[in-house]
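Reader: I'd like to go through the labels used for this model and hear what backs each of them. Can we take them in turn?

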Amino acid sequence: MFDVLIIGGGVSGVSCALILGSAQQKPFMSDKKIGIITHQKNSSLQEALFNNAYGVPEGKLGAEILVESTTHLSETYPHITQIANEKAIRVAVIYPNFTVFTNKNTYQTKNIVVGIGSANTFAIEGLLQYVEPHKKSIPEKQRIQLSNTDHKVTDGIYVAGTLAGWRSQLAIAAGSGAAVATDLLTLWNNGIQTHAHDSTR
């Protein structure tokens with residue numbers, strides 16, 4: 001049983017996992033099990049080139065970031081379970097928990113974060129009722145988002161990145177994933193606002 005299972009190994013999903021991973025020393029995190037399905041084949045980063053992203057070297061390829069980010073996650077926060085080469089296809093509610101079905105396995109989780117792209121090919125059964133037109137994309141692109149309020153779709157289900165209705169910029173997607181992570185940390189800290197920072201102090 002995961003306390004949270006993140007669906008998506010792109011910017012928003014991995015950013016969420018990194019923040020959760022960095023909070024491992026907080027007392028309320030001692031028993032938390034975190035997983036991420038790192039399916040990346042449909043990530044918009046596959047063809048991206050970055051010259052305008054803060055902290056990213058000029059000319060950096062998105063395809064490189066995809067590989068480096070999951071390596072960074074596994075090396076720095078090995079307690080987070082990475083599930084590679086699987087694609088989420090269905091979510092079922094078994095109150096108060098969820099079952100996530102992939103093309104290969106089944107996982108139980110208390111919370112879900114969906115951080116995949118906003119293409120209208122979105123096809124995760126059990127979440128289709130939350131699909132609506134993307135509010136910040138031009139209609140011709142036929143982008144979609146999951147209906148949400150401040151990243152929360154419904155109890156236990158969160159959405160991050162472009163699928164949350166944000167524009168397609170690396171910095172925005174990363175911030176969106178981090179925002180969801182801090183919401184989860186606050187939830188697990190009995191509602192007391194919290195976040196995670198690494199420091200040289």
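This is a predicted model: local features need pLDDT of at least 70, side-chain atom pairs count only at pLDDT 80 or more; totals for chains, interfaces and linings use all residues.

Reader: Which residues make the contact between α1 and α2?

Author: From α1 you have Val-14, Ala-17 and Leu-18, and from α2 Ser-69, Thr-70, His-72 and Leu-73. Sorted by class, that's four nonpolar and three polar residues, with no charged ones.

Reader: Why is Ser-69 called buried?

Author: Its relative accessible area is 15%. Buried means under 20%, so Ser-69 qualifies. Ser-69 belongs to helix α2, which spans residues 62-76.

Reader: What does the side chain of Ser-69 reach, and how do you know that it counts as a polar contact?

Author: The side chain of Ser-69 reaches the backbone oxygen of Leu-66 at 3.1 Å. The cut-off for a pair of N or O atoms is 3.5 Å, so 3.1 Å falls within it.

Reader: His-72 is also in helix α2. Is it buried, exposed or partly exposed, and why?

Author: Partly exposed: His-72 has 39% relative accessibility, and that label covers what lies between under 20% and over 50%.

Reader: What does His-72 contact, leaving aside its neighbours within four places in sequence?

Author: Leu-18 and Tyr-77. His-72 and Leu-18 are 54 residues apart in sequence, yet their C-alpha atoms are 8.8 Å apart in space.

Reader: What makes the phi of Asn-85 worth a remark?

Author: Most residues other than glycine have a negative phi. Asn-85 is not a glycine, but its phi is positive, at about 60 degrees. You'll find Asn-85 in the loop between β5 (81-83) and β6 (88-94). Asn-190 also has a positive phi of about 60 degrees without being a glycine, and it sits in the segment after α3 (170-188).

Reader: Why are Asn-85 and Asn-190 called exposed?

Author: Exposed means over 50% relative accessible area. Asn-85 has 61%, so it is exposed, and Asn-190, with 72%, therefore counts as exposed too.

How values were computed:
Residues are numbered from 1 along each chain as its sequence is written. Side-chain values use heavy atoms; hydrogens and water are left out. Helices (H or I, at least four residues) and strands (E, at least two) are DSSP runs, numbered from the N terminus. Buried means under 20% relative accessible area, exposed over 50%, partly exposed in between (1.4 Å probe, protein chains only). A polar contact is a pair of N or O atoms within 3.5 Å; within protein, one must be able to donate a hydrogen and the other to accept it, and residues adjacent in sequence count only if both atoms are side-chain atoms. Contact means heavy atoms within 4.5 Å. Ala, Val, Leu, Ile, Met, Phe, Trp, Tyr, Cys and Pro count as nonpolar, Asp, Glu, Lys and Arg as charged, and the others, Gly among them, as polar.
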